[in-house]
Amino acid sequence: MNILLLTFTFFLTLLSIHLLIKYASRLGLVDVPNERSVHTVLTPRGAGVGFVGSVLISSLLFDFAHVSEYYYIYLAIFLVFSVGLLDDKKDVSPKLKFIFIFFATLLLYFNGVSIDCLGTYFGYELCLPAGVPVFLFSFFAIAGYTNALNLIDGLDGLAGTVSIIILSAFLAIGLVHHDELIITLSSLFISALVAFLYFNWNPARIFMGDSGSLTLGFVISVLSIKSMAYITPAAMLFIIAIPILDTFVVMTRRIQRGQSPFTADKNHMHHFLYNMKADVKFTVMLIVYVQLAFSIIGYQLKEADN
């Protein structure tokens, strides 16, 4: 790990988010509370501009050779970040988000980043037919998880802290297997998120916004695919568990009620837990500890039978 790069990313994120808070209203990056919000006052949003932008700028300045080698991954990240920023500014349609994620996934697919096999079960390796099936499943998985992380971004510090836990597991995998891409991406985003949480911990002075949550979900998706070269798919599901479980339960509940699975509501895990004590910090830390337990289990089972 490049300590200078991580340190620069940390302080650039602090500076960037400080400026975003100061000029948020001029930039049109303000979150207006609605019936699903826990907060009750106008709050700056779009902190993803600060921490994602800092990661990209730091990488270009201090590790250009790495960015050049993996240009397709950084370009794909930038595509998803762009649509997230548009959503923070104008509330774009879900369809447009999926279009951007589609092209980002296409860019990854043509450069060999895709889900080809789902593991070995009872002695049989379950692999997808090459070509369109591999791409479609990869798109389904990436788009699903990218939006899943976006959906848990409902309490101060929640999405950022859960992401740090998940990224730390990937960092451990990268260090053990000497994978430069996994080490660099995970450590950079951990550094940026620690700086972001200084402003986002309850009571938050700024929200992550879709520019942050969509990008984080996409980055974790990419790291998951790359890490499947070293760990089993079943173990991977533990490492990235909370956003998947939350989205699965919420969508199942909506379908049972005859609603669209994409209807916004207050039936997420964090909503139910918050209603128990009306304590944001308690709720966030409870979910974070559960994710930590899942990630530790997943890492311990990384070579176990699927």
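This briefing describes aromatic pairs, charges over rings and salt bridges in the structure above. The model is predicted, and it holds 15 aromatic pairs together with three salt bridges.

**Aromatic pairs**

- A pair of aromatic rings is described by the distance of the centres and the angle of the planes.
- Among the 15 aromatic pairs of the structure, the one formed by Y109 and F135 has ring centres 5.6 Å apart and planes at 65 degrees, and because an angle over 60 degrees counts as edge-to-face, the pair is edge-to-face.
- Y109 belongs to helix α5 (residues 94-109) and F135 to helix α6 (residues 132-151), so this pair ties together parts that are 26 residues apart in sequence.
- The two partners fall into separate accessibility classes, since Y109 counts as partly exposed at 22% relative accessibility, whereas F135 counts as buried at 8%.
- F137 and F140 form a tilted aromatic pair, with 6.4 Å from centre to centre and 45 degrees between the planes, and both residues lie in helix α6, three residues apart, which is about one turn of the helix.
- Within that pair, F137 is partly exposed with a relative accessible area of 29%, while F140 counts as exposed at 61% relative accessibility.

**The surroundings of F135**

- Ring pairs link F135 into a cluster with F102, F103, Y109, F110 and F139.
- Leaving aside residues up to four places away in sequence, F135 touches F102, T105, L106 and Y109, and F102 and Y109 are also named as members of the ring cluster.
- The C-alpha atom of F135 is separated by 7.5 Å from that of L106, although the two residues are 29 residues apart along the chain.

**Charges over rings**

- R205 lies over the face of Y198, at 4.9 Å from the ring centre.
- K277 is placed over the face of F282, where the distance to the ring centre is 4.3 Å.

**Salt bridges**

- Side chains of opposite charge can pair when their charged atoms come close.
- D91 and R45 meet through their side chains in a salt bridge, at 3.7 Å from N to O.
- D91 lies in the loop between α4 (71-90) and α5, and R45 in the loop between β2 (43-44) and α2 (48-62), so the pair ties together parts that are 46 residues apart in sequence.
- D91 is exposed, with a relative accessible area of 54%, whereas R45 is buried, with a relative accessible area of 15%.
- D87 forms a salt bridge with K97, in which the closest N and O atoms are 3.4 Å apart, and this pair links distant parts of the chain, with D87 in helix α4 and K97 in helix α5, ten residues apart.
- The side chain of K97 also meets that of D210 in a salt bridge, at 2.9 Å from N to O.
- D210 lies in helix α9 (residues 209-227) and K97 in helix α5, so the pair ties together parts that are 113 residues apart in sequence.

Definitions and conventions: Residues numbered from 1 in each chain as written. Predicted model: local features only at pLDDT ≥ 70, side-chain atom pairs only at ≥ 80, totals over all residues. Heavy atoms only, no water. Phe/Tyr/Trp six-rings, centres within 6.5 Å; stacked < 30°, edge-to-face > 60°. Helix = DSSP H or I, 4+ residues; strand = E, 2+ residues; numbered from the N terminus. Buried < 20%, exposed > 50% of the residue type's maximum accessible area, 1.4 Å probe, protein only. Lys NZ or Arg CZ within 6 Å of the ring centre and 35° of its normal. Contact = heavy atoms within 4.5 Å. Salt bridge = Lys/Arg side-chain N within 4 Å of Asp/Glu carboxyl O.
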